[in-house]
Amino acid sequence: MHAGLFWLNDRQWARIEPHLPTGLTGPDRDDDRRIISGIIHMLQSGARWRDCPREYGPYTTIYNRFNRWAKRGRWCAIFEALAKPGEDGVVLSLDSTSIKAHRCASGGKGGHNQAIGRSRGGRTTKIHALSDPLCRPVVLHLTPGQDADIAAAPDVLALAPPMSALLADKGYDGDNLRGEIVRRGAKPVIPNKSNRVVIHRFNKRAYKGRNVIERCFCRLKDFRRIATRYDKLARNFLAAVHLAALVAYWLN
């Protein structure tokens, strides 16, 4: 095998293979392991799809598989099947990171619905995530770059597994969000804003554990197609984020 290319090892393949779709109509699929390895290589390298190394097969086959499964929600479904913290009542951390959208990401049908907005960093997309104490993301969600973190929090929490506490920075300090966290049986560990009238006590020692979400984002951005958004469609970019998270955290 050519040096510098990504190939799923036996352990990674054993984790992902049981969750691939089966019993589909139509012609037999090409080698799943080779094609998925090619997709992951493209996410890591950040290259154009047409520059996909020939070892993986025709670039059209690689892109069409990625795009087709993104449209059908299969990459997200595989992530949801594998991204399990392993215990109820885990402590989760919530935050977001802004991703600059390349000019080739323009033109997706739907405009605002493609999760690209304008913020101080230019045209950006926000990735919102919940991570467990091992830095592993358990929920991933997209919004346009100008959307406030606290506005997206309810949609993220709606996908969250049972948790005992939620760590978040003061950008998430709001009475409604605190109430939602408590209703879910968890304890909000969120610093108070400077203009807050009613001060809430929080565990400062526990709050130090929030750095896991920052480390999670750093590792995801090692994938160049995550560090910069090239996909026109939000569904494709979210699929890429889910697949990168699987490789970085959940397949080993």
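This is a predicted model: local features need pLDDT of at least 70, side-chain atom pairs count only at pLDDT 80 or more; totals for chains, interfaces and linings use all residues.
Residues are numbered from 1 along each chain as its sequence is written, and side-chain values use heavy atoms, with hydrogens and water left out.

**The pocket**

- A pocket here is an open set of points on a 1 Å grid over the protein atoms alone, where a 1.4 Å probe fits, with protein on both sides within 12 Å along at least five of seven lines; lining residues have an atom within 4 Å of a point.
- The second largest pocket has a volume of about 280 Å³, a volume being the space filled by probe spheres set on the points.
- Strand 4 gives the most to its lining, with three residues; strands are DSSP runs of E (at least two residues) and helices are runs of H or I (at least four), numbered from the N terminus.
- By class, the lining holds nine nonpolar, two polar and four charged residues.

**Strand 5 and its partners**

- Strand 5 (residues 163–167) is largely enclosed by the rest of the structure, because four of its five residues are buried (under 20% relative accessible area, 1.4 Å probe, protein chains only).
- Strand 5 pairs with strand 1 (residues 90–101) in the parallel sense over four bridges; pairing requires at least two DSSP bridges between the strands.
- Within that strand, leucine 167 is the bridge partner of serine 93.
- Strand 6 (residues 187–189) runs parallel to strand 5 and is joined to it by three bridges, and lysine 187 in strand 6 is the bridge partner of alanine 165.

**Two residues to look up**

- Histidine 242 lies in helix 10 (residues 234–250) and is buried, with a relative accessible area of 5%.
- Leaving aside neighbours within four places in sequence, histidine 242 is in contact with Trp75, Cys76, Phe79 and Leu140 (contact means heavy atoms within 4.5 Å).
- Glutamate 17 sits in the loop between helix 1 (10–16) and helix 2 (32–45).
- Glutamate 17 is partly exposed, with a relative accessible area of 42% (partly exposed lies between the buried limit of 20% and the exposed limit of 50%).
- From C-alpha to C-alpha, glutamate 17 and aspartate 32 are 8.7 Å apart in space, and they are 15 residues apart in sequence.

Methods. Ala, Val, Leu, Ile, Met, Phe, Trp, Tyr, Cys and Pro count as nonpolar, Asp, Glu, Lys and Arg as charged, and the others, Gly among them, as polar.
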